Structure formats: C-alpha cells, structure tokens
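Q: Please show me how to read a structure of this kind, one feature at a time. Where should I start?

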Protein chains: 2
Amino acid sequence: MNFSITEENYIKNIYHLQQQSELVNTNSLAYELHTKPASVTDMLKKLQIKNLLDYEKYKGFRLTNKGNKVAINIVRRHRLWEFFLVTKLGFEWDKVHSIAEELEHVSNQELIQKLDRFLNHPQIDPHGDPIPDGNGKIPIIHQLSIADVAEKKKVMVSSVANQSPAILELLNHYHINIGTEIKINQRFSFDGSIEIKVGKYAACTISELVAKNIFVYHD
Amino acid sequence: MNFSITEENYIKNIYHLQQQSELVNTNSLAYELHTKPASVTDMLKKLQIKNLLDYEKYKGFRLTNKGNKVAINIVRRHRLWEFFLVTKLGFEWDKVHSIAEELEHVSNQELIQKLDRFLNHPQIDPHGDPIPDGNGKIPIIHQLSIADVAEKKKVMVSSVANQSPAILELLNHYHINIGTEIKINQRFSFDGSIEIKVGKYAACTISELVAKNIFVYHD
DNA sequence: TATATTTTTTAGATTTGTCTAAAAATAAAT
DNA sequence: ATTTATTTTTAGACAAATCTAAAAAATATA
Ligand SMILES: [Mn+2]
Ligand SMILES: [Mn+2]
Ligand SMILES: [Mn+2]
Ligand SMILES: [Mn+2]
C-alpha cells in the first residue's frame, strides 16, 4: 500500500513519540508536526480507517502492527539517506536531517535495497541511531566510546555523540568521520588523552573529552 | 523561489515539449502529464501569475526566461539522479526514469552540488542526454559510436542508444556500463566486428550492431 | 462563406490537508 | 463536589489540484 507524504510524516512522528510514552496525545503530535490539534484529529481518523492506528476519542492513540511496520520502513529510508549524505556526499550531521526528511518519501523498494547494498548495509546512522533492516528488524548495536576501547585495537567510527559545530571542526581536523578506521595506540593516564592512528594519517593524540564523544562499533 | 511538485512537473514537461515546437498547446501537455486539458488551463494561469509562463488564451504558451531556468534546474536534478542510480546503485536504464521523477523534486541546492561533485561532474545521463551544469549551461557533448573510434584508442562509455532489455543482457555479459573504460583493439572488415578490451577483463569481440549502439566521450 | 470538427476555456463539484472558532470531554484545583 | 483550566473534537471555511460537462473560440471542411 502507498501513503501520501503527509500521511508518512504523521506515521513517522507517531512512531517516534511512542518510543517515549506508550500512548500518544494530540497536542504533542501537533507540536512535532508544526500543525494544529484540529488537523491532527482529522488525520487520526483517516489513519484509523486505513488500519494504521488504534484510536479512541479523547483517550490517545498508538500505531497498529501494520502502522508500526510502515513507520519503521520510513525510519529506515530516512537513516539510510542520512548515512549516504554524510559518508558519500560529505555533508555534516547537522545538515542532513532536513534533506533526509524529503528523501525518505521516495519509496521505491528496489531503490532502498540497492542503496543499502551500496552503503554496505550500515547499522547506525550519523546520529548514532540504529538503521532498521529490510525486514523491519532494528539492530541492537554495541557502540563503545573510544575512551573505553582497549589499546592496540582497530575500530570503526559509528557515530558522534556531541553534534556541535565545535566538535565537528576538531574532527575534520583529525580526518575523523563516520566509517573512519581508527587504531588506539596508547592511553595516557595523566589527562586521559589517547594517541590514535586515523586511517593512513600519522598518529595524533586526542583529549579525553573528544574521545568520550566518538563512538565505534564493538561486538 | 520554491515550487510545488505539481508545478515542477508542469514546468519540466512544458520545457521538453518546447524542444520540439516553439509554442506548446494545452492538449499535448495534458497528454504528457496524464491529466485533463481543463486541469492544464488552471495551472497555466497560476504559472503565468508567477512569471514562469508566457500565455495567451487560445494561442498556446511558452516558458519565460525565468521559467526556462527553473526547468533546466529540474532537468539537471533528474539526470544527475539517473546517472547516480545507474553508475552507483547498479540500476538498469529502463528502471531509473520513474525513480528520478521523484528524486528530482528534492531541491536542496547543496545536495545537488555535492551529488554532482560525488559523481565527478558527469555530462551525459544514461540515456545519452546532456546534464545541464550548475549555471544552467547545457554541454554540447561530442559522442561517437564505438564503431567509429580509431583502433588502439581508449575511450569511456557515455551512453547506449538502444535501450532494450536485449542489448542490456548483452552489455551486462560484456561488463559494459556507463562510465566503463574500453580500448579498441582491432576492427575486422569482413563483418564489421571489433575486438575490444573492457576494463581489466580479457579482450572480446563485439558485433558491428552492438558497436553502433555504444557511444563514448570524444573531444 | 457557412457548417462541422477540434481545441481550449469556464463553471461547478470533489478530494486532501489545512485553519479558526466554538463546543464537548477530561483533568486539575479549590 | 463545584468550579476552573486544559485537552480534544467538531463545525465550517479555505487553498491546491483535480475532474466532468457545457460553453466559447479557433480550425478545418464543404
Ligand atoms: Mn518527511
Ligand atoms: Mn538521524
Ligand atoms: Mn517528477
Ligand atoms: Mn534520462
């Protein structure tokens, strides 16, 4: 079944609000979508008719199983595109969300499947959020701060916790990006700084603060 | 200025129809857009108000300079995405058009600029059509059929004339794709067949018919 | 030139998604 | 237990894009 861009935005935002509280209420959804409660109520009825929503007047609402599957698929597309924008096109994290907000609605199945393969089936988006697979399974990803990685280990950057332009500037300077390979050379106890080797660049040291914000895949 | 997806589809199709006849008429545009003439008339008025269209009742219409610029930008996005889908995601030509039809409406400037760079500023889309640059300049591309390339020359595939599944099957067999490097080894006068070397694969021979349908960049 | 045909436009209705203002239900406070 | 405040829903209107049926203009034909 195919849904309009508007419907998809409603579905996705209901999904996200459900991660915090089981039942979602009209006002908070209206706030997320920058729309008015009255508009939300209208759409709730439509989604209920399409069997995407469990909804009782005045009592709040939640996605049905079907609605949940649709939502996860949208989230998958959104995060795959975000990953693409950062790792392939060289965007910075703070810029990709709004673009992915549009790309996520291009819903050709084969496109997403091929994009996923092209990106090597990434499991985490640039903001550290898991990317659901083609079956809707959401990977439980083991991420570890570089500050906690054992010496001599080689790891791959999965995400960065702090998303400020300030840390971005620093990471660019170190040539660290999502997907970058890093080897932990040595940890210095005096200030918690760590010597690392980024890709093929000469070894360098990073502060403990930076290290704590860089997350890597870890099984 | 920003335009709705519907407006963009109208603008782009008017542009394409203008390549064949200076003035465009209501019926043919309606046909292209799979819509009814009455709907077209409505939109014509809107586009005229926005200074995108020169339109006189009953006399046909054409894009203004402004409208032309908008159209070329949409065409640019469409063809860049088509190129991406074929060369990066491994789509076949006959599948990419409808997907690009959606992607073209994601109009973030920086996205297109970065995509263009990522693709290495391609000049021809997978169907052999020129890709306008960021300033709206449409490159006049010198393409040459492989059948006409001098022996010993190394060339790069720009497009394929025939778009049937039959030739596709054959080209896949030869590992020939958009962007593939080909060296012309020897031409055989008896049947016009040509021995070529595709990338790093062992040399092989292709028929004259195939050769005539493969186009390469040529300055 | 008068008549018939085709093309284009108008008139009026419909669907989707939105809004404001007012009413109804629920929750909180006295 | 009332009163007050908040949340949610309804009623009615509106903009964008579409449609059908009918009118008007332009073309083609006799
Ligand atoms: Mn969105
Ligand atoms: Mn994200
Ligand atoms: Mn389109
Ligand atoms: Mn094309």
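A: Start at the DNA: a polar backbone atom of Asn27(A) lies 2.9 Å from a phosphate oxygen of DNA strand D. Such a pair is a polar contact, meaning N or O atoms within 3.5 Å; within protein, one must be able to donate a hydrogen and the other to accept it, and residues adjacent in sequence count only if both atoms are side-chain atoms. This is a predicted model, in which local features need pLDDT of at least 70 and side-chain atom pairs count only at pLDDT 80 or more, while totals for chains, interfaces and linings use all residues. Residues are numbered from 1 along each chain as its sequence is written, chains are lettered from A and ligands numbered from 1 in the order in which they are written, and side-chain values use heavy atoms, with hydrogens and water left out.

Q: Which elements give two or more residues to the surface near DNA strand D?

A: Helices (H or I, at least four residues) and strands (E, at least two) are DSSP runs, numbered from the N terminus. Near means that a heavy atom of the residue lies within 4 Å. The elements are helix 2 (26–32) and helix 3 (37–49) of chain A, with helix 1 (5–18) and helix 3 (37–49) of chain B. Helix 3 of chain B gives the largest share, 5 residues.

Q: What part of the DNA strand D atoms within 4 Å of the protein belongs to sugar or phosphate?

A: The share is 76%, and the rest belong to bases.

Q: How do I read a metal site, and which residues coordinate the manganese ion (ligand 2)?

A: Look for donors: N, O and S atoms within 2.8 Å of the metal (3.2 Å for Na, K and Ca); water is not among the atoms, so sites may look incomplete. For this ion the protein donors are Glu82(A) (OE), Asp125(A) (OD) and His127(A) (ND1), at 2.1 to 2.3 Å. Glu82(A) lies in helix 4 (residues 65–87) of chain A and His127(A) in the loop between helix 6 (109–118) and strand 3 (143–145), so the pair ties together parts that are 45 residues apart in sequence.

Q: Is Glu82(A) buried or exposed?

A: Buried means under 20% relative accessible area, exposed over 50%, and partly exposed in between (1.4 Å probe, protein chains only). Glu82(A) is buried because its relative accessibility is 1%, whereas His127(A), at 23%, is partly exposed.

Q: Which residues coordinate the manganese ion (ligand 4)?

A: Glu82(B) (OE), Asp125(B) (OD) and His127(B) (ND1) do, at 2.1 to 2.3 Å. Their spacing in sequence is E-x42-D-x1-H. Both Glu82(B) and Asp125(B) are buried.
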